Amino acid sequence: EYRALRALARRQGTPQAVRLSIYMALGAARRPALRMKTLGMTLGRGAVRLQDVMYPVQGVAMADPDGAKLAWNWFQERHDAIRKRLQGANVRLLGAVIESSSAAWPDAAHAKDVDAFFRQHPAPGLERSLAQTIEAIETEAKFVSRFAEEMETQEMQLALSALEA
């Protein structure tokens, strides 16, 4: 299935909207090795078009919590190659890759890691976008924490029990 979808994405007559959906779907592969292949589609031989570079990353990051962590780790390890590929392109493409690889992990410690990473590796022209991404991660982390607490209340447990009955 994975190979068939990749082949369809490469086919010249495949409509762009379908191609982008395929890139996103490939990121949801269950096996980490396939997810890494999907991330690899952004770089190297046979890479996706420059304007599509964020879609495979987004597909992996949004698949599940493991995908979000994998995408962020991949970005950190390959940020030099990513920047090289995007050199000369609109800085917003880099911003889209950064957001795709970092924003899907709602954890306060992760927000601090993202901030620290970009203090060491500045992204000129994206300071505002980075601040917004970090703030969004922090906000989502607070929401997830509050939601988890709410799910443990007696009232919520009773309501869930009533739904199951």
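**What the labels mean**

Guide: Let's start at the largest pocket: α1 gives the largest share of its lining, 3 residues. By the way, this is a predicted model, in which local features need pLDDT of at least 70 and side-chain atom pairs 80 or more, while totals for chains, interfaces and linings use all residues. Numbering starts from 1 along each chain as its sequence is written, and side-chain values use heavy atoms, leaving out hydrogens and water.

Visitor: What makes something a pocket, and which residues line the largest one?

Guide: On a 1 Å grid over the protein atoms alone, a pocket is an open set of points where a 1.4 Å probe fits, with protein on both sides within 12 Å along at least five of seven lines; a lining residue has an atom within 4 Å of a point. Here the lining is E1, Y2, R3, L5, A25, L26, A28, A29, R30, R31, L34 and K37. Two or more of these come from each of α1 (2-10), α2 (16-26) and α3 (32-40); helices are DSSP runs (H or I) of at least four residues, numbered from the N terminus.

Visitor: How many of the lining residues are nonpolar, and how many are charged?

Guide: There are 7 nonpolar and 5 charged residues, with no polar ones. Ala, Val, Leu, Ile, Met, Phe, Trp, Tyr, Cys and Pro count as nonpolar, Asp, Glu, Lys and Arg as charged, and the others, Gly among them, as polar.

Visitor: Okay, rings next. Why is the pair of W72 and F118 called tilted?

Guide: It's one of 7 aromatic pairs in the whole structure. Phe, Tyr and Trp rings (for Trp, the six-membered one) pair if their centres lie within 6.5 Å; planes under 30 degrees apart are stacked, over 60 edge-to-face, and the rest tilted. The centres of W72 and F118 are 6.2 Å apart and the planes sit at 50°, so tilted it is. W72 is in helix α5 (residues 65-86) and F118 in helix α7 (residues 108-120), so this pair ties together parts 46 residues apart in sequence.

Visitor: And what makes F117 and F118 edge-to-face?

Guide: Their planes are 85° apart, with 4.9 Å between centres. W72, F75, F117 and F118 form one aromatic cluster.

Visitor: How do you know whether F117 and F118 are buried or exposed?

Guide: Buried means under 20% relative accessible area, exposed over 50%, and partly exposed in between (1.4 Å probe, protein chains only). F117 has 7%, so F117 is buried, and F118, at 8%, is buried too.

Visitor: Why do D64 and R35 count as a salt bridge?

Guide: The rule asks for a side-chain nitrogen of Lys or Arg within 4 Å of a carboxyl oxygen of Asp or Glu. For D64 and R35 the N to O distance is 2.9 Å, so the pair passes the rule. D64 sits in the loop between α4 (54-63) and α5, and R35 in helix α3, 29 residues apart. D64 is partly exposed at 29%, while R35 is buried at 6%.

Visitor: What other salt bridges are in the total, and how many is that?

Guide: The total is 3. E77 pairs with R78 at 3.3 Å, and D115 with R119 at 3.1 Å. D115 and R119 both lie in helix α7, 4 residues apart, about one turn.
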